[in-house]
Amino acid sequence: MTTSAAASIPLTLIGGPTTLIEYAGLRIVTDPTFDLPSSYGPDVTGYEALTLVKTMPPAVTPDELGEVHVVLASHDHWDNLDAAGRKFAAEVPHVFTTDVVAKIVPGAEPLAEWESRTVRTPNGRIVSFTAVPAHHGPEGIWQAIGPVIGFIVEAPGERTIYISGDNSDVDVVREIARRFPKIEVALLFVGGPSFEALGPQYITFSDETATEAAEVLAGATIVPVHADSWEHFSQTTASMKKLADERGIGDRVIALAPGETAMV
């Protein structure tokens, strides 16, 4: 685990990619998915022969969350931004996302890769949000299934957080780590999802590639998310931690179940 003297950060897994981060006086939600169990066919997903099935409700509802200051929406896929998530995001003061989502969610602000914005917290502090690259699948697939970004969150005196978004490329993590060498907490979107329509490759981190990314992010506390509540996930946060244990870095990995909170 990190040895930073900065205050601990409460992280609550709500379900799938959706996580509440309480940071420097801000309440931040990643990729809001608040629908009840549902099925999203090609007429919704936009991809022929591709149906997404949500199997669990969120562990925390929007009403139970209370005030949220920032939404970080990595991209426009229904397992990362569902119908209730879109409505929720439209009511949050700051939404940082891709240009595609910015056309869908009123008031959302698009960020290009490496572009930053700042938000002043209720207690007057400044938090910076930087968009970073994410490759949603292997070469030839990530270019075709829409723009995706991850995020770096940082503030003076606080731990730097990396949020991967739906990234599957460890080389992308290497590039981000070179630019932001002080990452101390990383939310990695795992689950090993794949679809027959897209071929056999994983389109976000698998246990194997997530563990490789954790090795790149030496010393950072790793919180795998994006591995529950949807039928297409083939792996879990627990299986990612198990592999990390076998590789000797499991002490840096916190595997949460929906509804659980960790102090990192």
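What you're looking at is a predicted model, where local features need pLDDT of at least 70, side-chain atom pairs count only at pLDDT 80 or more, and totals for chains, interfaces and linings use all residues. Residues are numbered from 1 along each chain as its sequence is written, and side-chain values use heavy atoms, leaving out hydrogens and water.

**The sheet**
- Six strands make an open sheet with mixed pairing, in the order S9-S10-S11-S12-S13-S14 (strands are DSSP runs of E, at least two residues, and helices are runs of H or I, at least four, numbered from the N terminus; two strands pair if DSSP finds at least two bridges between them).
- At the edges sit S9 (116-120) and S14 (221-225), each pairing on one side only.
- S9 pairs with S10 (residues 126-133) in the antiparallel sense over five bridges, and Val119 has Val127 in S10 as its bridge partner.

**The helix pair**
- H6 (residues 207-216) and H7 (residues 237-246) pack with their axes 9 Å apart, at an angle of about 55° (axes are lines fitted to C-alpha atoms, for helices over the stretch in contact, and angles run from 0 to 180 degrees between N-to-C directions).
- The contact (heavy atoms within 4.5 Å) brings together Asp207, Glu208, Ala210 and Thr211 of H6 with Ser239, Met240, Leu243 and Ala244 of H7.

**His69**
- His69 sits in the loop between helix H2 (62-65) and strand S6 (70-72).
- At 11% relative accessibility, His69 counts as buried (under 20% relative accessible area, with exposed over 50% and partly exposed in between, using a 1.4 Å probe and protein chains only).
- Beyond its neighbours within four places in sequence, His69 has contacts including Gly25, Val92 and Pro122.
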